[in-house]
Amino acid sequence: MAEVAEEATYVRHHRKKLVFLFSAMRHFAQELADRGLTVRYIRIEDDGNRGSLAGEVERAIEDCGPFERLVVTHCGEFRLHDEMQAWQDRFELPVEIREDDRFICPVDRFAEWAEGRKRLTMEYFYREMRRETGLLMDGDDPAGGNWNFDQDNRKKLPAGIELPERTVHPADDVTQAVIALVEDRFGDHFGEIEPLRYAVTREKAEDDLREFLKLCLPRFGDYQDAMADGEAFLFHSVISMYMNCGLLDPRAVCEAAETEYREGRAPINAVEGFIRQILGWREFVRGLYWLKMPGYADSNFLGAKRDLPDFYWSGETKMACVRDAVETTRKHAYAHHIQRLMITGNFALLAGIEPKQVEEWYLLVYADAYEWVE
């Protein structure tokens, strides 16, 4: 495992995102070592760090070889995947790229579903995934009698509603060291590090999932499209960064949510809406990315050419919703899907902002962001 400058700076990632990922990596490496596995872990500040994943693979071969083969996981963006496919010739070693089990639908399975379709519609893909996985199915029929309960998930947040208090995970010595490192090396990047509330181990991420299921899921459906000034989390799960980096397994997350419905602790509109975001949108967007890359990154159907406004960084605008979304983003490296889609995304669409600039901003500012998402 390697922390390398190229991956930390090809876009100027939010400082909290860097702290979260570096700390999660270091904790995971220690867990592996504690289980008796040999781990070669390269820190970004280590002498001799070559600054790229390819450079560190090359150095490992020089230091520890010869090897029979190189095994890697299918990565999160085309740039790196393209590079990994060239490693076989570069290093004169067979390279095996394994399916990424942080997803439910393999890339080839999505391509098979998409083949021959004139229009790719998430809802139809989602229904097929429900059938294949058995999630929220009663035999051949969808649980609750409908595939989609989105019409029940658009309530306004009532005045005076009590919002759940969420756990803040204190920074241990490993995370404190990472915070100091990021402040020193990436201090000019966007975003605030404190308060750092996110889990950096699987155990703590699972604690956050259980907290969401108990405190938030029952009302998540009703208010998932709501916003409130100064409230970052409402009833949202805030676990997308855990699934995307591998601390939580998406299938297990969906199964845990379904259990809450089956046991009568959460209504169908909440559980279906939550599972649809994972089994539907998350899998669909990832499949679409790999199906259409590399040309997808350059698509600009409406010919939008304007530059991203400065207030996407500063939050200095009279538009209250935009200001709140940007301030939330700067503080937490997170914003829920309505802030992202209907506020920052919709403004960019209406104003004609160049897609590449919008995509880079999203990739940079959110702790759960990888190019396949953007």
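1. In this predicted model, L136 lies in the loop between α7 and β3, the latter spanning residues 137-138. Its phi is near 50°, a positive value in a residue other than glycine. With a relative accessibility of 0%, L136 counts as buried, because buried means under 20% relative accessible area.

2. E92 is exposed, with a relative accessible area of 71%, whereas L136, at 0%, is buried. As background, most residues other than glycine have a negative phi, and most peptide bonds are trans.

3. One joins G65 and P66, with omega at about 5°, and P66 sits in the loop between α3 (53-64) and β1. The other runs from E194 to P195, with omega near -5°, and P195 is found in the loop between α8 (173-185) and α9.

4. Strand β1, which covers residues 70-73, has a covered face made by L70 and V72 and an uncovered one made by V71 and T73. This can be read against the rule that in a regular strand the side chains alternate between the two faces of the sheet. The strand is joined by 4 bridges to β2 (residues 95-98), and the two run parallel; within this pairing, V72 stands opposite I97 of β2.

5. Helix α5, residues 87-91, contains Q88, which counts as partly exposed at 39% relative accessibility. Leaving aside neighbours within four places in sequence, Q88 is in contact with L93, P94 and V95. Between Q88 and V71 there are 17 residues in sequence and 11 Å in space, taken from C-alpha to C-alpha.

6. Not counting residues up to four places away in sequence, L217 touches F212, A257, E260, A266, A270, V271 and F274.

7. The loop between α10 and α11 holds H236, which counts as buried at 5% relative accessibility. Apart from neighbours within four places in sequence, H236 is in contact with R166, F212, F220, Q224, Y334, H336 and H337. Among these partners, F212 is also touched by L217.

8. Finally, the structure holds 1 cavity of 30 Å³ or more, and about 30 Å³ of space lies in the largest cavity. Its lining is formed by R166, R197, D208, E211, S237 and V238, which by class amounts to 1 nonpolar, 1 polar and 4 charged residues. One of these lining residues, R166, is also a contact of H236, which links this point to the previous one.

Note on methods:
Residues numbered from 1 in each chain as written. Predicted model: local features only at pLDDT ≥ 70, side-chain atom pairs only at ≥ 80, totals over all residues. Heavy atoms only, no water. Contact = heavy atoms within 4.5 Å. 1 Å grid on protein atoms, 1.4 Å probe; cavity = no way out; pocket = protein on both sides within 12 Å on 5 of 7 lines; lining within 4 Å. Points joined across faces, edges and corners; volume = space filled by probe spheres on them. Nonpolar A, V, L, I, M, F, W, Y, C, P; charged D, E, K, R; others polar. Buried < 20%, exposed > 50% of the residue type's maximum accessible area, 1.4 Å probe, protein only. Pairing = 2+ DSSP bridges.
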